[in-house]
Amino acid sequence: LPKDDEKEMVEYFSKWEILRQCCGEQMSKYWKNDLTPEVYKKVALKDHPHPFCADHDIDEIEKGFMETKLYSKLDAYPNMRPFNKPSLRDGELNGTYCSSYNERIKTQALNFYGQPLPMENIRTGNWTEEEHSIFLEGLKIHGSSKPSKIAKMLETRTVMQVYTHMKDYIQQQVQSGNDDDDELVKVM
């Protein structure tokens, strides 16, 4: 590979690598979780922040990527244009595609397919008696290892909210001396 071609590839892929992690439908799950509204954050990823993406001006990276020689060469061939994006599933880059997409994750909680998650039915704050009753029923049916199934039964709480409520509930039961109760042992 000639040195000039190698230099073009390094320039192109160094910027593409950042876009791949920090932008679009198939971005890093850790960065996506950082951007996602609190009620939809995934429990398992919550303690794994992704500072790498936060350290970059994503619009500048995107513009720099679009200004590379290899980007221009690929853009000249219509069948190669899909490769000039963070993933084949993303829209066309325009200098602000990435920051716009990331903003949509923050405000609309986009899922893996780029579709907004339903936010209108999600409640915050104290749990109602009805929600707690459904939670207890779900805990008996599914146990403590399936908060996502309990959340589906509730329809008004996210998996993260169910997980936190479950953790608080079990801790409360243990502290109050109900930890030897057969029902509590079954769900754990």
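**Figure 1. Disulfide pattern of the protein chain.** Counting bonded cysteines along the chain, the disulfides follow the pattern 1-3, 2-4. The whole-structure search finds 2 disulfides (a disulfide is a pair of cysteine sulfur atoms within 2.5 Å). A disulfide is a covalent bond between the sulfur atoms of two cysteines. The model is predicted: local features need pLDDT of at least 70, side-chain atom pairs count only at pLDDT 80 or more, and totals for chains, interfaces and linings use all residues. Residues are numbered from 1 along each chain as its sequence is written, and side-chain values use heavy atoms, with hydrogens and water left out.

**Figure 2. The disulfide of cysteine 22 and cysteine 53.** The sulfur atoms of cysteine 22 and cysteine 53 lie 2.0 Å apart. Their link is left-handed, with -80 degrees about the S-S bond. The pair links distant parts of the chain, 31 residues apart. Cysteine 22 sits in helix H1 (residues 3–22), and cysteine 53 in helix H3 (residues 51–54). Helices (H or I, at least four residues) and strands (E, at least two) are DSSP runs, numbered from the N terminus. Both cysteine 22 and cysteine 53 are buried. Buried means under 20% relative accessible area, exposed over 50%, and partly exposed in between (1.4 Å probe, protein chains only).

**Figure 3. The disulfide of cysteine 23 and cysteine 98.** Here the sulfur atoms of cysteine 23 and cysteine 98 are 2.1 Å apart. This link is left-handed, with -85 degrees about the S-S bond. Cysteine 23 lies in the loop between H1 and helix H2 (29–35), and cysteine 98 in helix H6 (residues 97–108), so the pair ties together parts that are 75 residues apart in sequence. Cysteine 23 counts as buried because its relative accessibility is 1%. Cysteine 98 is buried too, with a relative accessible area of 0%.

**Figure 4. Helix H4 against helix H6.** H4 (residues 58–66) packs on H6 at about 145 degrees, with the axes 7 Å apart. Axes are lines fitted to C-alpha atoms, for helices over the stretch in contact, and angles run from 0 to 180 degrees between N-to-C directions. H4 contributes Ile58, Asp59 and Glu62 to the contact. H6 contributes Tyr97, Cys98, Ser99 and Asn102. Contact means heavy atoms within 4.5 Å. By class, the contact of H4 with H6 has 3 nonpolar, 2 polar and 2 charged residues. Ala, Val, Leu, Ile, Met, Phe, Trp, Tyr, Cys and Pro count as nonpolar, Asp, Glu, Lys and Arg as charged, and the others, Gly among them, as polar.

**Figure 5. Helix H8 across helix H9.** The axes of H8 (residues 147–154) and H9 (residues 159–175) come within 8 Å and cross at roughly 110 degrees. H8 and H9 are therefore roughly perpendicular to each other. Angles under 35 degrees count as roughly parallel, over 145 as roughly antiparallel, 65 to 115 as roughly perpendicular and the rest as oblique. The crossing of H8 past H9 is right-handed. A crossing is left-handed if the near helix is turned anticlockwise from the far one by less than a right angle, and right-handed if clockwise. From H8, the contact takes in Pro147, Ser148, Ile150, Ala151 and Leu154. From H9 come Val159, Val162, Tyr163 and Met166. The contact of H8 with H9 has 8 nonpolar, 1 polar and no charged residues.

Figure 6. The axes of H7 (residues 129–142) and H9 come within 12 Å and cross at roughly 80 degrees. That makes H7 roughly perpendicular to H9. In H7, His132, Phe135, Leu136 and Leu139 meet Val162, His165, Met166 and Tyr169 of H9. This contact of H7 with H9 has 6 nonpolar, 2 polar and no charged residues. Histidine 165 is found in H9 and counts as buried at 16% relative accessibility. Leaving out residues up to four places away in sequence, histidine 165 touches Trp127, His132 and Phe135.

**Figure 7. Positive phi in two loops.** Most residues other than glycine have a negative phi. Alanine 109 has a positive phi, near 50 degrees. Alanine 109 lies in the loop between H6 and H7 and counts as buried at 0% relative accessibility. Glutamate 155 also has a positive phi, near 65 degrees. Glutamate 155 lies in the loop between H8 and H9. At 58% relative accessibility, glutamate 155 counts as exposed.
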